[in-house]
Amino acid sequence: MKIDIVANGRLLDVSIGLEATQSFSCVLSPPDGDVTFVDVLPEIYEIYTNVLGVNFEESEQNGKPVRCGKGCVSCCHQLITVSVHEALLLAHIVGLLCQEEQQRIRSAFDESLTRLENAGLFRDLLHSHVNAFDDRELVVDAQKRYWALGLACPFLLDDACAIYPYRPFICRQYGVSSDPEHCGKIFQKDHLIERIRLSHDFGSAAASFDGLEAIKTRAIPLPTIFLVHGMLHCFERPKATAEVMIARFLRHADKHFSR
Ligand code: SF4
């Protein structure tokens, strides 16, 4: 089975392998001209929604339906990490909101950073995820310490995601077939979480892609995105037409981050 991707009326010369019985098309309207990967992230999110739909349906057919329900926000208390591209997009999206909403979000981020700083975790989080992501012990230790703080994602306002259409890959790909109550007790051996098996891990693919080629994985802890935004913005990023950029990423994800 393959997914046909039509961007601005043209069929892209790329396909991603999926185990499903029916092909389907994904019609996109990406921006014109040369763009960075950040500029086509909304289109990539749209493609991934379709891919995940196939994955979740397949899981259901195999007797493991997704048990995540509306209003369950346990996963929004885990450490959320994003690619550099997603950090830039989220900062941009927040800048487009009304002043009152921006203020609400920025206050929640300030509060998160203060809690991390007071717990002595701020630097460790950045170091483990940005500089030493291949050191699993260090990364998991930081994640456990974060979880122990009981911090909600700063985008979780009144139990709803304030940037839901632009939520990161990691949030989109979190689906469980185990009892949702277990998600509130992660890192406990007697509450194992069974994740839905995905054909592609777009989150990891984005964190190891610079818009042109594969790079060393860099995961930005979500509470720090406004702090690192200025620095990230300074780096020149590869550009290409939207069609080329989308195809480049899909090849990268299909080659390195598919099961
Ligand atoms: S970005 Fe949204 S969906 Fe993701 S953890 Fe935060 S509040 Fe939850």
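**View 1. Ala219 sits in the loop between helix H7 (202–207) and strand E8 (220–221).** The model shown is predicted; local features need pLDDT of at least 70, side-chain atom pairs count only at pLDDT 80 or more, and totals for chains, interfaces and linings use all residues. Residues are numbered from 1 along each chain as its sequence is written, and side-chain values use heavy atoms, with hydrogens and water left out. Helices (H or I, at least four residues) and strands (E, at least two) are DSSP runs, numbered from the N terminus. With a relative accessible area of 4%, Ala219 is buried (buried means under 20% relative accessible area, exposed over 50%, and partly exposed in between, with a 1.4 Å probe and protein chains only). Not counting residues up to four places away in sequence, Ala219 touches Thr81, Val82, His129, Val130 and Phe133; contact means heavy atoms within 4.5 Å. Ile80 is 139 residues from Ala219 in sequence, yet the two are 9.2 Å apart in space, C-alpha to C-alpha.

**View 2. Helix H2 (residues 84–95) packs against helix H8 (residues 225–234).** Two packed helices are described by the angle between their axes and the distance between the axes. For H2 and H8 the angle is about 110° and the axes are 10 Å apart. The axes are lines fitted to C-alpha atoms, for helices over the stretch in contact, and angles run from 0 to 180 degrees between N-to-C directions. H2 is therefore roughly perpendicular to H8; angles under 35 degrees count as roughly parallel, over 145 as roughly antiparallel, 65 to 115 as roughly perpendicular and the rest as oblique. On the H2 side the contact is made by Val84, Ala87, Leu88, Leu90, Ala91 and Val94. H8 contributes Ile225, Phe226, His229, Leu232 and His233. Sorted by class, the contact of H2 with H8 has nine nonpolar residues, two polar ones and no charged ones. Here Ala, Val, Leu, Ile, Met, Phe, Trp, Tyr, Cys and Pro count as nonpolar, Asp, Glu, Lys and Arg as charged, and the others, Gly among them, as polar.

**View 3. His85 lies in helix H2.** His85 counts as buried, at 5% relative accessibility. Leaving aside neighbours within four places in sequence, His85 is in contact with Phe37, Val38 and Leu41, and also with Ala206, Phe209, Asp210 and Gly211.

**View 4. His200 is found in the loop between helix H6 (169–172) and H7.** The relative accessible area of His200 is 1%, so this residue is buried. His200 and Ile16 are 184 residues apart along the chain, and their C-alpha atoms are separated by 9.1 Å.

**View 5. Asp158 and Asp159 are placed in the loop between strands E6 (156–157) and E7 (160–161).** Most residues other than glycine have a negative phi, and most peptide bonds are trans. Asp158 has a positive phi, near 50°. The phi of Asp159 is also positive, near 60°. Asp158 counts as exposed at 68% relative accessibility, and Asp159 is exposed with a relative accessible area of 56%.

**View 6. Asp34 is found in strand E4 (residues 34–35).** Asp34 is exposed, with a relative accessible area of 53%. Not counting residues up to four places away in sequence, Asp34 touches Lys239, Ala240 and Thr241. Glu243 is 209 residues from Asp34 in sequence, and the distance between the two is 9.6 Å in space, C-alpha to C-alpha.

**View 7. The protein chain has nine helices and nine strands.** Its radius of gyration is 18 Å, close to the 18 Å that the globule rule gives for 259 residues, so the chain is as compact as a globular protein of that length. This radius is taken over C-alpha atoms, and the globule rule is 2.2 Å times the number of residues to the power 0.38. The C-alpha trace spans about 50 × 45 × 40 Å along its principal axes. Of the 259 residues, 45% count as buried. Among contacts with a separation of 6 or more, 73% are between residues 24 or more positions apart.
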